[in-house]
Amino acid sequence: MKPAPFKFYAPATIDAMVELLAKCGDDGKIIAGGQSLIPTMNFRLARPASLFDVNGVSELDFLRIVSGRLHIGALTRHAAFHRSVVDGPLGHLLTEVARHIGHYPIRQRGTFCGSVAHSDPASEWCAVAATLEADIVARSHAGERVMKGGEYFLGIFSTQLRPEELITEVRLPLLDDSWRAGFYEFSRRAGDFALAMTVAALRIESGRVADARLGIGGVEDRPRRIREAEAALIGAAPDSRALAQAADIASRSVNPLEDPHATAVYRRDLVRTTTLRALERAIAR
Amino acid sequence: MDLQSNTGYIGRSIPRREDKRLLLGQGQYIADLTLPGMLHAVFVRSTVAHARIKSVDLSRAAAAPGVRFVMSGIELAKELPPELERVHPLSRVWRETIPHKIFQPREPLLAWDKVRHVGEAVAVVVADNHYLAEDAAELVEVDYELLPPVVDPEAAMRPDSALLHERYGTNVLVEFSMGKGDVDKAFAGAPRTLKRRIYHHRYGAVPMECRGVAAAYDARADAVTIWSSTQVVHRVRGEAAIILGLPEARVRCLALDVGGGFGVKCHIYGEDLVLPYLARRIGRPVRWIEDRREHLQAACHSRDQIHDAEIAFDNTGKILALRDALIMDCGAWNPIGIGIPGNTACHIMGPYKIDNFSVHARAVATNKVPNAPYRGAGRQEAVLVMERLMDLMARELGMEPAAVRRRNLIAAAEMPYSVGIPYRDGQPIVYDSGDYPLALDKALEAVGGLDAFRLRQREARSKGRHLGLGLGFYVEGTGVGPFEGATVRIEPGGKISVGSGACPQGQGMETIYSQITADIWKVKPDDVVVSLADTAVISMGFGTIASRSTVNVSSAIHVASERLRKKVFAIAANMLECAAADLELRDGRVSVVGSPGASVSLADVERASRPGWNHQRPEGVDAGLEETYYWEPPTVTWSYAVHAVVVDVDVELGHVKLEQYVVVHDCGVVVNPMLADGQVMGGTVQGIGGALFEEYSYDAEGQLHTGSLADYLIPTASDVPSFKLLHIESPSRLTPLGVKGLGEGGAIAPPAAIANAVCDALAPFGVEFNATPIKPENIFRAVRRVAS
């Protein structure tokens, strides 16, 4: 379990990084926390010819609020979310989500943007990014572009990101106090890859659901919003019947993967439970 | 704590003397060992389950950067002809009284004719560093002629099955029957019977430190030194001497700090012997560190037994007879012969009185990693069978599971209790001491009482929560022979030096033996020097396996010390001009009883004992103060425990939460309560892993599905419940100090206790869990099936 040979670059600026990526990004990999990449390399399942270390690009070490959005820079570690980074439902949701990511040491190293770049179907941050329609900002030598969280994820470890691009930041919409957000995940052990998870956010106006975001992760080859379930919630009073109905719809709508830890049938059933519980948690706030 | 003078150290929670070096990062594992000019070995392992090896092409690997040496099993077999069979030592009495057959094919150092499981080593690459060795290992090309994989032990017994070891004409490597009474007659007349298939799945030790071996050859002395992360240094030395054609005096094996063994390091692996061979062949030290992927697919697995068990009982819950047929999936090789199924057979009846019993056991070869002992070594399976049957009987009769147990438990007044079948060592099983009903009472009391629990369970159910209480009761033969020895020596300066072939893996043996020796010699533990896990410190050793080291080594220290004390007293009497019978040991001195002023120190006696012109030994007393004694236990001594667990089952997920975990344990005299608690707790956590998480799962092609720690799930801190540990001390009648074995116990009962608890929680659904592991999906499906 030692990696195959690779070259190692540690640029200090975004410009230097994108220049390197333009030259040899095709058979290289950007390394941030390395919590997914290094094990894969040690198993020799990944054999990048080059590693581009983003950790020295200090201009990417930020977490700030800019016009209604939370901007998460590429060096922001999972552990940054152990405490609420912003007042209101979003900060609360991210705290809730963060504690499900791996274990404490992993959260000290792994990064939010790294998870989004890696696109593991069971990644919590990817589920958040897809559900809340994050802006995923990428830079290359050709300039900057912004991808939408709902379209960005293409499949297992597969995204719209191009080899010459670096994710510089991910932007999440702040949720004002009319929103209620909840998260529920089930895994075999604490910190394991989720067998199913649900991210739920409801905007409540005069006792009715005015808007809804409901996303499932860990079940299909990529996280995604379940719009049928959202539609069923919008306009309804968020009572137990409405929540159960949305959970049923979510469960029916997914097309689950199968692995040694869970069959597709079981994953589908789990989606009902995780969705109902995420919605209940949202409402309870 | 008073460590200034000896007021008795046995029974005190003295901090571990090992911890200073371990906590300061001064421990040394094989991976910390760097020898001058050391090279690094990597093994090329089979990617297929069953195949004939047609050829191995090493040419590209040999030409790769930094490569110093490459060799295939085919080449090695020409240099060191493989032994085909060697039967693991079996007691003569067992052999002569139990009808059996046993084949014990000898695993080659490197596979040369066939590969028999994914992960079997077929070639070795030696390079300047581990990275280069792995790069080159990828370039070795093995041409396989595929054979049908054998993965199901029952199918493996059919006449049309492919054979792993063709020369036997069968895949059944072990078969025996044993029992007592008249089982058929008891079943024929029984008011009630029930029969179930009970399956205990395959999992393993998975210690934090994987295996590792380093070896160096000294051309001047024609000698090799082997550093191995092993539990059995003397066995490694013995085998290496045979393989290398060296006298044992020219082979030294030592284990450094070992990061867990639990049985997986308790026998000889090919790598232990290939490394010294390489060191001599290449003329430079060579090291191999097993990585986790190799460990999961090449270090021995355990458990994996199918039982068809049948029980006859009356309407009061009294057991009339038990009949069991077990099939152990023993994987590709059978490293310890009848060891595991033998253990299972001996332990099925547990703490219960059963007049009629029969067991038929078979171990069947399949294309999987060999099945070898892991903490409990066959007892988990026995206990799962018996304890599930107990709960099934209770349900059939509408009785409390605890009441059915009580109806059948051996009473304290019946000790010592003759079970009526022989142990693996051939001796009749006699439970030497204990109070089983008391242990059960204490366990129930510790979970808050049975009635209170049932009330809480009913209330929870009315709110849709499913609580369950499960019991797991076991007895365990510990301190098994054939022997372990100790050399006790008075050092110049008066310290007591103890050497033994026991091989610690984290148990705290240096501390334990210093406590025991301090009490025998009336000195402080700090005045005891303990040397272990090194063939240089004692001629013969058996090793640390099977809950036996404290039992056997403490007894050996006791007898060797007793003999040495007589000599010390003879010399001291000569010095003090008194009779030896008037002397006593006190605070590191030999004193005349009643006149403490008249005394000599152990240092004085040691000086007086030395050979030379000025010795002060009386006539007829030899020079030197050193005694070696090899303790050969008459038979095993019986520890036992009750585990009581309360679970909270989330039926919407299938998740099992362990709400309370109680262990009531009896291992005789406890030397160090803190370490005893640690042993029980650590074992229990491993048992929880087996019950709920850990699983070696193979597909129909014999490929391992759980080949990394992302899929092979070890319990972590967040899966560990809060424990309540209670001890009962029933001293052993067989050991001088009254101690019994302890190391394995904790791991034995959790699968049974947790299975019973989950069944109890889900009683309203009428579901049964007679197979492990109990995974969320299985629970979810079982409940769903009943609900819909």
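**Entry 1: ground rules**

I work with a predicted model, where local features need pLDDT of at least 70, side-chain atom pairs count only at pLDDT 80 or more, and totals for chains, interfaces and linings use all residues. Residues are numbered from 1 along each chain as its sequence is written, chains are lettered from A and ligands numbered from 1 in the order in which they are written, and side-chain values use heavy atoms, with hydrogens and water left out.

**Entry 2: where A meets B**

I began with contact, which means heavy atoms within 4.5 Å. On that rule 27 residues of chain A touch 30 residues of chain B. Next I looked up buried area, which is the accessible area (1.4 Å probe) that two parts lose on being put together, summed over both. For chain A and chain B the value is about 2,600 Å², with 54% of it on carbon and sulfur atoms. In chain A, the residues that lose the most area to chain B are A:Met1, A:Arg188 and A:Arg189, together 29% of what that side buries.

**Entry 3: polar links across the interface**

I counted 17 residue pairs in polar contact between chain A and chain B, both residues at pLDDT 80 or more. A polar contact is a pair of N or O atoms within 3.5 Å; within protein, one must be able to donate a hydrogen and the other to accept it, and residues adjacent in sequence count only if both atoms are side-chain atoms.

Which elements of chain A give two or more residues to the side that touches chain B? They are β11 (179-186) and α10 (264-284). I took helices (H or I, at least four residues) and strands (E, at least two) as DSSP runs, numbered from the N terminus. α10(A) gives the most, with 7 residues. By type, that side of chain A divides into 14 nonpolar, 4 polar and 9 charged residues. Here Ala, Val, Leu, Ile, Met, Phe, Trp, Tyr, Cys and Pro count as nonpolar, Asp, Glu, Lys and Arg as charged, and the others, Gly among them, as polar.

**Entry 4: salt bridges**

I call it a salt bridge when a side-chain nitrogen of Lys or Arg is within 4 Å of a carboxyl oxygen of Asp or Glu. I found 72 of them over all chains, and the count between chain A and chain B is 6. A:Arg277 and B:Asp650 form a salt bridge at 2.6 Å, N to O. I also noted a network of salt bridges that links A:Arg44, A:Arg47, B:Glu134, B:Asp135 and B:Glu138.

Inside chain A, A:Arg224 and A:Glu220 have their closest N and O atoms 2.5 Å apart in a salt bridge. A:Arg224 is partly exposed at 28% relative accessible area, whereas A:Glu220 is buried at 9%. My cut-offs are under 20% for buried, over 50% for exposed and partly exposed in between (1.4 Å probe, protein chains only). A:Glu230 and A:Arg225 also form a salt bridge, at 2.8 Å, and both residues are buried.

In chain B, B:Arg192 and B:Glu396 meet in a salt bridge at 3.6 Å, N to O. B:Arg192 lies in strand β9 (residues 192-203) and B:Glu396 in helix α12 (residues 379-397), so the pair ties together parts that are 204 residues apart in sequence. B:Arg192 is partly exposed at 26%, and B:Glu396 is partly exposed at 42%.

**Entry 5: aromatic rings**

Rings of Phe, Tyr and Trp (its six-membered ring) pair if their centres lie within 6.5 Å; planes under 30 degrees apart count as stacked, over 60 as edge-to-face and the rest as tilted. I get 21 aromatic pairs over all chains. A:Tyr266 and B:Phe780 form a tilted pair, 5.4 Å centre to centre, with 55° between the planes. This pair crosses between chains, from helix α10 of chain A to helix α21 (residues 776-787) of chain B. A:Tyr266 is buried at 1% relative accessibility, and B:Phe780 is buried at 4%.

**Entry 6: around helix α3 of chain A**

A:Glu96 is in helix α3 of chain A. Is A:Glu96 buried or exposed? A:Glu96 counts as buried, because its relative accessibility is 14%. Not counting residues up to four places away in sequence, A:Glu96 touches A:Phe183, A:Arg281 and A:Arg285.

A:His100 lies in the loop between α3 (89-98) and α4 (104-109) and is buried at 15%.
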